[in-house]
Amino acid sequence: MTPGFGRMLRKEDQRFIRGQGLFVDDVRLPGMLHGAVLRSPHAHARILAIDTLAAEAHPKVRAVITGETLRERNMAWMPTLSGDRQAVLATDKVRFQGQEVAFVVAEDRYSARDALEMIDVDYEPLPAVIDARHALDPGAPLIRDDLPGCTSNHIFDWESGDAARTEAVFADAEVTITQDMLYPRVHPAPLETCGAVAQYDKVSGKLTIWETTQAPHAHRTLYAMVSGLPEHKIRVISPDIGGGFGNKVPIYPGYVCAVVGSIITGQPVKWMEDRSENLMSTCFARDFHMHGELAASRDGKIRAVRVTVLADHGAFNGTAQPSKYPAGFFGVFTGSYDLEAAHCRVTGTYTNKAPGGVAYSCSFRVTEAVYLVERLVDMLAYELEADPAELRMRNLLRPEQFPYTCQTGWTYDSGDYPRTLRMALEIAGYDDLKKEQLAERAAGHLMGIGVSFFTEAVGAGPRKHMDILGLGMADGVELRIHPTGTAVLRISVQTQGQGHETTFAQIVAEELGLSPDDVEVVHGDTDQTPFGLGTYGSRSTPVSGAATAIVARKVRERARIVASAMLEVNAADLEWERGRWFVRGDPDSGRTIAEIALAAHSDLELPDGVEGHLDASCVYNPPNLTYPCGAYICVVDVDPGTGKVSVRRFIAVDDCGVRINPMIVEGQVHRGLADGIGMALMESIAFDVEGNCLGGSFMDYLLPTSLECPAWELGETVTPSPHHPIGAKGVGESATVGSPPAVVNAVIDALRPYGVRHADMPLTPAQVWRAIQGRPLRTDLAIS
Amino acid sequence: MTIRVAMTVNGTEYAREVEPRLLLIHYIRDELGLTGSHWGCDTSNCGSCVVWLDAKPVKSCTLLAAMADGHAVRTVEGLERDGRLDPVQQGFIECHGLQCGFCTPGMMMTARWLLDHHPDPDEAEIREAISGQICRCTGYENIVRSIRWAAEHAAEHPGEST
Amino acid sequence: MQVPSQVEYERATSVEHALSLLSRPETRVVAGGHSLIPMMKLRLAQPELLVDINGLAELAFIALDGGQLRIGALARHADLLDSDLAGRYFPIFRDAERVVADPIVRLWGTVGGSLCQADPSEDLSAAFAAARATAVIKTPDGERTVPVREFHLGPYETVIGRGELLAEIRVPVRPGTGSAYEKVSRRVGDWSVAAAGAVLCLAGQQIQEAGLGLTAVGAEHFVAAEAEDFLRGRAADEESFAAAGAIAAGHCDPVADQRGPEDFKRHLVAELTTRALRRAAARAGSAG
């Protein structure tokens, strides 16, 4: 019998290894035109005039769209995923460098690019708000004067936990740690940039959009709301997506302009951004200025964590997270420990930078939360001269404490944290590493060992608590078994490389005893698939995976009834075993799903009230998030003369519950570990005082290569989620969450002989050297 | 203003009238419709555009098509021979060397060239060979394993084109 | 992806043909293209005519000739990296090429192209300056030579005039020479935060001649002249190397940028100069 769960090669690889994937830029339609966006060079400026006459006169230009063009259609502004609004094309002012100002539609992409230079924009530069720490100063320049009643750059305040109880614990704690730490602005930078091909058919009134989107249905609904086109006349197609990582969740102005361009010209319009546009204007991640405190007893009991955060949201509040959580799931800063108290306050501010904040596998700010608590715990270890692994082991939640509700109200579903950490220590040979470190230090070499233990919170989420722009986060799924016994599964989530065409087939295979090769997974086309909120926040397995298991079980139950009719027995007398319903006590009597399917489509008489065929659908509303966890250990060597950090080893033990396909799980972990090296050592988007973006190309925004990454050493523990139908928790973002603190902890540990307690990411050679000198850099601003 | 640019791609001769400034990657993708090679940056860093020019890998976003006039290009579409997958292609499937598939053609073209010149590379040599190309999905581990698999299965002809 | 503005294209069939094409204004040579084409895509360079010299095979060589290592301008970075000949006499070039760009770019980018691009962070500029190389430039009247130390006039500016073409670089070979290059970058393939190249000619333990090249720190003509003067005649020992590093650090002009602040770059100059000298001396000791 072909296995359901287990290591299985991917079905989708057949097209990719032949170069036959269909990515948005591969879409070619007859008469297709090309769009290009003119962007603001200024971070903050009034627009006095836009002269498009020369561009319009270019022989290959078919249309030039400005904010005024859109204003006439009521489309100059569009809602963001956070209930704010964002300019599609600027009308009054530009509010970040790279903001969209005009859109050219031309016969080819080279002419479109040429025509951009023929548009003349008269700007009146204004003082820019760049340093988030001064954005809320009285007298700071006002960015959002487009919002009625807006008098400052303040967006929101959000609190969680018990301030008074936390203060009481801090007041009598024997040891307190205090540290400011920045999680710098970084960018998901998927290898494929964002883009769309919009095709509006005047005759049918149908708009088809091929789009780099992780959430095609949500986009369809939003386009209906924004454009006035009825939703059943909008079709969003996510073809193959070259990586998403949260970057492809929002609707970008370029997509809207492509739609308008198609409506105006009557032809399909393709817009693909270039890399600088991607880095300068699309959804960035993080940018949390955190002031963290930890209270403990001298014997190493972690008692409370407190943090205030200044969140830099850029010029428009476009963070994508459930609407009741303006700071996402940052509330899990309580970490993997049993605290007596915790409190956080997050303040969101506008700045003259691109909008975003929630992206790059952050699980809605869990990256920030985990970084904070894991750095603080390491600093406690430093203060107490305790071993960081041993200190954690003493404080980790115990298995018998689960389900565990933390001080900020999140109920962690399951975990055996000590076992997970123990396995990581074993794989690492931790004791030998510590001995080696002593010897290295004696010889004047800087070797660092960094530990991180994380609790993730994924699978958003229960509709009672979680919606995005009012859309509940429940996912639909449909399963049909054909008469000849093969199946089609239609899902709402959208893979960008996570292997859904294989893993979701495996879920059906596991439940019904089919071969995964006999289950076709359909996704990405809103005309062909049920509604759901898409793939991000590691939610596909926890939500749509659950939906798939449940729908397959519905089919299995219907099959029981059909089998009972075939075998002329009571349904209650049937048992299921690996792909067959058979009469209890008579194993040879069984019928496979394929046989039952044929019968279900035949003239077989069925009991009253039982419909024919073997189809089912369901909408899964998850009862809770799921909580994967992991223990990571990073070993680095630092050259004190140059500040260069080499990552020698990285050990990662993940617990994501039941693993549908271990090969795919490992691949997901590998990626996140590389992300951690990138963010910890080299990635950041900084700005100079005028608001020039200093991370606008891959020469400036550095990503790790094969030479910066070691051979990853992986392990697993499995504590199933008690509320998930197959016990799976999801894993897509775990490693991105857990790895940056492991790397940073390792580097800081390496610098122990110099008394360094903390330095902000990225720990470039300059930053490491400066930290050794006692003068670390501030990494969100230009180095001067 | 256009010029005639002709080249052999995967063994087939093509000629097109194009602007001299047309980049080779756009000639391959937009003029010839061979969309297996991709582009992902503006600064020749990402390597998703790697193809072969006269049997050497090149970042095709960094050459004009005109510079390849009269020369031979090989792309991912030309890795298969007579309907059989190259061991590199099979290796990427066997070892989960791809996830989103966007960097994959470029990685495979470099891998094929490496193995043609160093049939038995160790891990360090493989990592060095692909260090000019970015992958955002795999953390590189499985790409390295895929290339090792291809080195170890060079003599076989695994897989059939479906 | 960003794309160039309109440009004309011609292929040179001979050096003479190239020179005559290059006599047009707003004309640039394209060899590997890996310096120029990225600039054209960003529209930082907008030549009117590109002259493709890739067909000029006579400019692609690496040879030892009359006491000189001769490197044709069309030698690819990979050729110089892999050259046993160059590596035997001047391991500084191998050290430098190993850290220039990435393995695929090195198959196409040329030594001449990099020198002519004249980026202040170009590793080969400092390496050739340390080696006291000479540039050979073809002119309509024949050829002229310019010491590499006089070749660069400023960022992105060289002495090559209209109608001229860099043809080769010649490096004098002396017995007892060792050389090395040390670079720090934020990531593989990135431009240097700072780099130093050392070419030492020793007689026994005494330094007969020292060449010190510095990259990306605003050193005039990529050279640490004061430190070279200091080293001449001194013992090739740790004390001399450390002192030379300090002098080099005090006589360059690094600018703060996202690669690092000024103090770090100066520190690196001292540190890397010392390391390069140390390795150069060790290699001189084992050379013929």
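Guide: In this predicted model, the side chains of A:E117 and C:R43 meet in a salt bridge, with an N to O distance of 3.4 Å.

Visitor: How many salt bridges are there between chain A and chain C?

Guide: The count is 5 salt bridges between chain A and chain C. There are also 13 residue pairs in polar contact between these chains, counted with both residues at pLDDT 80 or more.

Visitor: Which helix gives the largest share of the side of chain A that touches chain C?

Guide: That is α18(A), with 4 residues. Both α4 (109-116) and α18 (765-772) of chain A supply at least two residues each to that side.

Visitor: What classes of residue make up the side of chain A that touches chain C?

Guide: It has 16 nonpolar, 11 charged and 5 polar residues.

Visitor: And what area is buried between chain A and chain C?

Guide: About 2500 Å² is buried there, and carbon and sulfur atoms give 56% of that area. Chain A brings 32 residues to the contact and chain C brings 26 residues.

Visitor: Changing topic: how many disulfides does the structure hold?

Guide: Over all chains, the structure holds 0 disulfides. For A:C406, the nearest cysteine sulfur is that of A:C344, 10 Å away. A:C406 is buried, at 5% relative accessible area.

Visitor: Is B:C103 buried or exposed?

Guide: B:C103 counts as buried, with 9% relative accessibility.

Terms used
Residues numbered from 1 in each chain as written. Chains lettered and ligands numbered in written order. Predicted model: local features only at pLDDT ≥ 70, side-chain atom pairs only at ≥ 80, totals over all residues. Heavy atoms only, no water. Contact = heavy atoms within 4.5 Å. Buried area = accessible area lost by both parts, 1.4 Å probe. Salt bridge = Lys/Arg side-chain N within 4 Å of Asp/Glu carboxyl O. Polar contact = N/O pair within 3.5 Å; in protein donor to acceptor, adjacent residues only side chain to side chain. Nonpolar A, V, L, I, M, F, W, Y, C, P; charged D, E, K, R; others polar. Disulfide = S-S within 2.5 Å. Buried < 20%, exposed > 50% of the residue type's maximum accessible area, 1.4 Å probe, protein only.
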